[in-house]
Amino acid sequence: MLKLTNIFIYPIKGCSGIALDQAELQGRGIKYDRRWMLVDESGNFITQRSFPVLAMIKVSIEGEFLQVAFKERKHQIPLHTIAAGEPVEVKVWDDFVPGFPTAEADHQWFSDILNSNVRLVAMLDQSIRPVDPRYAVDKTEEVSFADGYPFLVIGENALHTLNSRIEGEPLKMDRFRPNLVFSGGEPHEEDSWEEFKIGNCDFYGVKPCARCQMTTIDQQTGVVGKEPLKTLSAYRKIGNKILFGQNCLLKSGDMIRIDDEITVLKRGESPINGEN
């Protein structure tokens, strides 16, 4: 049996995640997932790729606030952002999106941690960012400030297989920053999922997730290494892309919970054939 074992959100793109027991689903992702983002003075998005220290900024939800903490420094950000000014155009990969700057105190807190001038922007309802039309199902889907898709699902057995091949300490699932983690099934079977249910919610699997150097950052220390890309390149590479996890869209439903059963309704051909 396939069963949902973990739910994660990452409210501020690039910072640490939060584990949930249940989650409210929205078309652009789980509620509060990647609804805030740091940008540089040109409006370009900032992630661990350029600032690995972001991994060490811990985020939690405390009442009506996001609590952020770095070592002994703490700061609160209202969950329900009131725009501090007009939206600014911010860039996430190739997409330009209206981002709403939060309070000046937020900008300063993060700028001090990163030793760089940055701003925190929020994605409000009027910030529309369409999913890549090549992979959208009904062509109306939206996504948050996530790299490209509203949901990322990974099986525990995919990680077990990876760790069985790695020399040294096993890696944690947080390297891959999934939203949904499940137990059961074959390693990497999510590669082939085209339509599936979690509890009473319906999802489309649309595209395997191509992984980058961000997976080489230890999420507890911010230290950059060679794994998992070194090992994954030996058995999970197609062309110049290393695949791990499946990007998904929501078809219908509004709530999922830990221990929900997963039912695969339609499978396609796995992009990687042979040994997993």
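Guide: What follows takes the labels one by one, with their definitions.

Guide: This is a predicted model, in which local features need pLDDT of at least 70 and side-chain atom pairs count only at pLDDT 80 or more, while totals for chains, interfaces and linings use all residues. Residues are numbered from 1 along each chain as its sequence is written, and side-chain values use heavy atoms, with hydrogens and water left out.

Visitor: Why is serine 127 called buried?

Guide: Buried means under 20% relative accessible area, exposed means over 50%, and partly exposed lies in between (1.4 Å probe, protein chains only). Serine 127 has a relative accessible area of 0%, so it is buried. Its place is in the loop between strand 11 (119–122) and strand 12 (151–155).

Visitor: Which residues is serine 127 in contact with, leaving aside its neighbours within four places in sequence?

Guide: Contact means heavy atoms within 4.5 Å. With those neighbours left aside, serine 127 touches Arg28, Val97, Pro98, Phe100 and Ala122. Phenylalanine 176 is 49 residues from serine 127 in sequence and 26 Å away in space, C-alpha to C-alpha.

Visitor: What makes a nonpolar core?

Guide: A nonpolar core is a set of buried Ala, Val, Leu, Ile, Met, Phe, Trp, Tyr and Cys residues joined through side-chain atoms within 4.5 Å. The largest one here has 45 residues. Those with the most contacts inside it are Ile12, Trp36, Ile57, Phe110, Phe203 and Ile256. A second, separate core has 18 residues, including Leu152, Ile166, Phe176 and Leu229.

Visitor: How do you know that strand 3 and strand 18 pair?

Guide: Strands (E, at least two residues) are DSSP runs, numbered from the N terminus. Two strands pair if DSSP finds at least two bridges between them. Three bridges join strand 3 (residues 22–26) to strand 18, so the two pair, and they run antiparallel. Alanine 23 stands opposite isoleucine 256 in strand 18.

Visitor: What makes strand 4 and strand 18 edge strands?

Guide: The open sheet has three strands in the order 4-3-18, with antiparallel pairing. Strand 4 (29–30) and strand 18 (255–257) each pair on one side only.

Visitor: What covers the faces of strand 5?

Guide: I can say which residues are buried there. In strand 5 (residues 36–39), Trp36 and Leu38 on one side and Met37 and Val39 on the other are all buried, and both faces are covered. Strand 5 pairs with strand 11 in the antiparallel sense over four bridges. Methionine 37 has valine 121 as its bridge partner in strand 11.

Visitor: How many residues of each class line the largest pocket?

Guide: Ala, Val, Leu, Ile, Met, Phe, Trp, Tyr, Cys and Pro count as nonpolar, Asp, Glu, Lys and Arg as charged, and the others, Gly among them, as polar. By that scheme the lining has 16 nonpolar, six polar and 14 charged residues. Strand 15 gives the most to this lining, with five residues.
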